[in-house]
Amino acid sequence: MENKFHFFHYLHFLLLLSSSCFSLVAFSWIPYNENKNYEGSSDLVNLEYHMGPVLSSPIKLYVIWYGHWNPSHQATIRDFLNSFSSSYAPHPSVADWWRTVRLYTDQTGQNISTISLSGEFFDFKYSQGKYLSRLSMQYVIKNAVRSYRESIPLNYKNGVYLVLTSYDVQVQEFCRAVCGFHYFTFPSILGVTVPYAWVGYSGKQCPGFCAYPFAWPKNSGKPPPNTRNGGNNLMGAPNGDPGVDGMISVIAHELAEVSSNPLVNAWYAGDNPISPTEIADLCLGVYGTGAGGGYVGQVYKDFRGNGFNLHGVKGRKFLVQWVWNPLRRRCFGPNAMD
């Protein structure tokens, strides 16, 4: 069944929600018991389906690079996004990780579909300025799809738009409360409703807030033990930049949630769509078996000792948080030891 995104029959309800409905992700301490192999618990989670749509048609992802980007950072992110649709990376791969997301279904039994990078737009002129509100993101997308210069299509059938802001762009609540969010566009702005997500590059502004475990918040004492040497040193970033490697996991987080809860009325825990706890929120800080108490869990090390848990295209390695598996009823990733 084709899943279209201009669900006008949902909008009467949805447009009553304030801008605080955005799904937020930010580093925070996870209330894990260090003496227990927690990794999420079905006793503490009431994840429910609220009858809304999921992205069940093959997802075409359109990236909007907002601001001035380092080409090597773009290459890392681009390779990560291309890894979702690649069958050539060794296990455990980014594509394997997405298979857990695909377990979620809509009311007709249709699963979340595959995802592929389908277009890019470069907004290097900062069309909406260097300070963006949440609502500004929709105008960034509007500019990208209506630009006379190499625009990306306005795809209301199976498109998702990912806005990535550069080091010098300030975003409302970025580095104070959020590292990324997802929502949907308003017909009054774009003409149709399409799901989108935003993630910011934190390497200059707040790596300790948005790039954990590759950076650590200032004035927060020593970091917890990691898998690098058993001490309190920060984990090395597998692609050489804490801001980008931290951003990778936030991107994965938001793509999982915009696919399973695109109109804020599908999969989340609790009864309040204004502040939903979604499938990646349930697993913040969990990257491997045994995670808890700030410990990321059992992950792999490359030859430099940098941590990772997924393989991607071109030999890339990434560290990506787990998501909630609805069948196992716990956080899960393809690098799980059990």
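Student: Why is Ser259 called buried?

Tutor: Ser259 has a relative accessible area of 1%. Buried means under 20% relative accessible area, exposed means over 50%, and partly exposed lies in between (1.4 Å probe, protein chains only). The value of 1% therefore places Ser259 in the buried class. The model is predicted, with local features requiring pLDDT of at least 70 and side-chain atom pairs counting only at pLDDT 80 or more, while totals for chains, interfaces and linings use all residues. Residues are numbered from 1 along each chain as its sequence is written, and side-chain values use heavy atoms, without hydrogens or water.

Student: Where does Ser259 lie, and what does Ser259 touch?

Tutor: Ser259 belongs to helix H7. Helices (H or I, at least four residues) and strands (E, at least two) are DSSP runs, numbered from the N terminus. Contact means heavy atoms within 4.5 Å. Not counting residues up to four places away in sequence, Ser259 touches Val54, Leu55, Ile59, Trp98 and Ile112.

Student: How do you know that the length of helix H2 agrees with its number of residues?

Tutor: The expected span of a helix is 1.5 Å times one less than its number of residues. For the 13 residues of H2 (residues 71-83) this gives 18 Å, and the end C-alpha atoms are 18 Å apart, so the two values agree.

Student: Which residues of H2 are buried, and what covers them?

Tutor: The buried residues are His73, Gln74, Thr76, Ile77, Asp79, Phe80, Leu81 and Ser83. Among the elements covering them are strand S3 (59-66), strand S4 (115-123) and helix H7 (242-260).

Student: What makes S3 a largely enclosed strand?

Tutor: Of its 8 residues, 7 are buried, so S3 is largely enclosed by the rest of the structure.

Student: How do you know that S3 pairs with S4 and with S6?

Tutor: Two strands pair if DSSP finds at least two bridges between them. S3 and S4 have 8 bridges, in the parallel sense, and S3 and S6 have 7, also parallel.

Student: What makes a group of residues a nonpolar core, and which members of the largest one touch the most others?

Tutor: A nonpolar core is a set of buried Ala, Val, Leu, Ile, Met, Phe, Trp, Tyr and Cys residues joined through side-chain atoms within 4.5 Å. In the largest core, of 85 residues, Ile77, Phe80, Leu81, Trp97, Leu164 and Ile251 touch the most other members. H7 gives the most to this core, with 9 residues. Leaving aside neighbours within four places in sequence, Leu81 is in contact with Leu61, Val63, Leu117, Leu162, Ile251 and Leu255.

Student: Why is the approach of Thr165 to Trp198 called a polar contact?

Tutor: A polar contact is a pair of N or O atoms within 3.5 Å; within protein, one must be able to donate a hydrogen and the other to accept it, and residues adjacent in sequence count only if both atoms are side-chain atoms. The side chains of Thr165 and Trp198 make such a contact at 2.9 Å, which meets the distance limit. Thr165 lies in strand S6 and is buried, at 0% relative accessible area.

Student: Why is the pair Asp79 and Lys314 called a salt bridge?

Tutor: A salt bridge is a side-chain nitrogen of Lys or Arg within 4 Å of a carboxyl oxygen of Asp or Glu. The N to O distance for Asp79 and Lys314 is 3.3 Å, so the pair qualifies. Asp79 lies in helix H2 and Lys314 in the loop between strand S13 (310-311) and S14, so the pair ties together parts that are 235 residues apart in sequence. Asp79 is buried at 5%, whereas Lys314 is exposed at 72%.

Student: What makes Asp79, Lys314 and Arg316 one network?

Tutor: Salt bridges that share partners join these three residues. Arg316 forms a salt bridge with Asp79, the closest N and O atoms being 2.9 Å apart. Arg316 is buried, with a relative accessible area of 19%.
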